[in-house]
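This report describes selected side-chain packing, helix faces and loop positions, taking each region in turn. The sequence and structure are shown first.

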Amino acid sequence: MEQLSSSPPDKQYWEAGGNCNMAIAAARLGLKCVAIGHVGNEIYGKFLEDVLQAEGIGMVGMSEETDVLNAPSSSYETLLCWVLVDPLQKHGFCSRADFSKEPAFSWMNTLSEEVKRAIKRSRILFCNGYDFDELSPHMIISAVEYTVEVGTSVFFDPGPRGKSLLSGTVEEQKALEHFLRMSDVLLLTSDEAESLTGLVDPILAAQELLRKGNRTKWVVVKMGPKGSILITKSGITCASAFKVKIMDTVGCGDSFVAAIAYGFIHNIPLVTTLAFANAVGAATAMGCGAGRNVATLKQVVELMETPDLNEDDKFWNELLREHLDSQEVTFLSKMVLNGSNGRMKHVTLQKVVSELLPKLKSSQLEGTLSS
C-alpha cells in the first residue's frame, strides 16, 4: 500500500469515490452539497478538493487542531482505495483500512464547530456503512445524535458493511442499531435488507425496519435490474427499472440515492421520486465508473425523453400478491390509463415523465433545479 501511494499512477486513473459519488450526483441535480470528512495535505487530498470544488461542492474538515496534533502522520493522510483490475475486468478493492482493526481516522474525538454548523444548515445528512472504516463508532453516534437534535434528516445506506457490522464489535453493533433506529430514510438492497432482518421478502423486511425505527419515514429497497420499492407505514410504492444498455454499475446506487434525496427535500410524489431515482441510476449505468463519471442532468433528461421500462409482470405479481390485502400499492407502469384495480393503483410512466421532464429541462437552462 505504501509503495502504491508513493508511486501514484497517471492522474487519468484517479477518481473521487465513496460518499463523493452521491455528493457529485446530487450537485448535478441542483442540490447544494457539502462534503464532511477528512483529507490530508498531500497530492491526493489536493486532487479531491479540486474535484469537489469543480463540481460546486463545499468541503468541511471534521478534525479539530488538537486531534491533528495527536495523530500519527500516516493516519492523517487522505484515505485511498485502490481498485485493482484483472485482464477479465474483474475488480478488487483495498485500502489501509482493510489492514487495521481501528478506523482510519480513529484519532478524531469530537465534532468540530464547523461540522456542527454544516449539519445544522443542511436538510439531510447522508451516511453509509463505509463510514465505519474511517470513523469510530463513538464519532458516528455523536454525529447522528447532533443531526437529530438540530432537526436535520438522516439518510443511511448500510451497504455491504451492514452485514459485517452486525457481527462486529459491541461498539459497532450499537452504532449500527442507532443508525437503524434514528434514520429518517433507510436505503438498501434486497440482500442487505435480508441480512439486517432475516426476512427474505424485501417488503416484509422493510416493514420490520420501519417498525423498529424511532424516526423512520421511508425504507427504500433497491432491486437491481428489476427496479425499486419505497415502503412507508401507510403504503407500498414500486417502480420498474429503465431499460438501458448497461456499461458499468459502479456508482449507480449512489446516483439513485441522490435523486431520492431530491424527492424527499422537495416533497415530490413517491412514485415520481422512485421513477426519477431509477432514471438517474440507469443514466449512470450507461457510462463507465463513478466520481466525475456519474450521470449529468443532460443525460437524465435524454433518458426520460425516450423512456422504456424493464417490466417483469411475473416478478412483481409474485412479490406483491400477499401484500395487496393489507396496504395500498402504487405501481409505475406503461399502461395507457391511470387508475386502480382493488388496492393496486397504477400510475403511468407517461404521466410521471410529463410532470418531471419540464422541470428538468428548465433546470438545464437555469443550471440548477429550482425548489
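## Aromatic pairs

Across the whole structure, a search finds eleven aromatic pairs, where rings of Phe, Tyr and Trp (its six-membered ring) pair if their centres lie within 6.5 Å, and where planes under 30 degrees apart count as stacked, over 60 as edge-to-face and the rest as tilted.

Trp 316 and Phe 331 form another edge-to-face pair, at 5.5 Å centre to centre and with 75° between the planes. Because Trp 316 lies in helix 14 (residues 313–320) and Phe 331 in strand 11 (residues 328–333), the pair ties together parts that are 15 residues apart in sequence. Helices (H or I, at least four residues) and strands (E, at least two) are DSSP runs, numbered from the N terminus. Both Trp 316 and Phe 331 are buried. Elsewhere, ring pairs link Trp 14, Tyr 44 and Phe 47 into a cluster.

## Basis of the values

The model is a predicted one, in which local features need pLDDT of at least 70 and side-chain atom pairs count only at pLDDT 80 or more, whereas totals for chains, interfaces and linings use all residues. Residues are numbered from 1 along each chain as its sequence is written, and side-chain values use heavy atoms, with hydrogens and water left out.

## Surroundings of Ser 240

Ser 240 lies in strand 10 (residues 235–240) and counts as buried, at 1% relative accessibility. Its side chain makes a polar contact with the side chain of Trp 316 at 3.2 Å, a polar contact being a pair of N or O atoms within 3.5 Å of which, within protein, one must be able to donate a hydrogen and the other to accept it, while residues adjacent in sequence count only if both atoms are side-chain atoms. Leaving aside residues up to four places away in sequence, Ser 240 touches Lys 226, Gly 227, Asn 278, Leu 309, Asn 310, Glu 311, Trp 316 and Phe 331, where contact means heavy atoms within 4.5 Å.

Lys 226, one of the residues that Ser 240 touches, lies over the face of Phe 315 at 5.3 Å from the ring centre; a charge sits over a ring if NZ of Lys or CZ of Arg is within 6 Å of the ring centre and within 35 degrees of the ring normal.

## Buried faces of two helices

In helix 14, the buried residues are Trp 316, Leu 319 and Leu 320. They cover an arc of only 85° around the axis, which puts them on the same side of helix 14; the arc is that of the directions from the helix axis to the C-beta atoms. What covers these buried residues includes helix 10, strand 9 (227–231), strand 10, strand 11 and strand 13 (344–348).

In helix 9 (residues 190–197), the buried residues are Glu 192, Ala 193 and Leu 196. Seen down the axis of helix 9, they fall within an arc of 100°, so they line one face of the helix. Their cover includes strand 6 (153–157), helix 7 (161–166), helix 8 (170–182), strand 7 (185–189) and helix 10 (202–212). Helix 9 is followed by Gly 198, whose phi is positive, near 80°.

## Strand 6

Strand 6 is mostly covered, with five of its five residues buried. Ser 153, Phe 155 and Asp 157 are buried on one side, and Val 154 and Phe 156 on the other. Five bridges join strand 6 to strand 5 (residues 124–128), and the two run parallel; strands pair if DSSP finds at least two bridges between them. Phe 126 stands opposite Phe 155 in strand 6.

## Two loop asparagines

Asn 310 lies in the loop between helix 13 (297–305) and helix 14, and counts as partly exposed at 30% relative accessibility. The side chain of Asn 310 reaches the backbone oxygen of Pro 225 at 3.1 Å.

Asn 267 is found in the loop between helix 11 (252–265) and helix 12 (270–285) and counts as exposed, at 68% relative accessibility. Although Asn 267 is not a glycine, it has a positive phi of about 55°. Asn 310 and Asn 267 are 43 residues apart in sequence and 26 Å apart in space, C-alpha to C-alpha.

How values were computed: Buried < 20%, exposed > 50% of the residue type's maximum accessible area, 1.4 Å probe, protein only.
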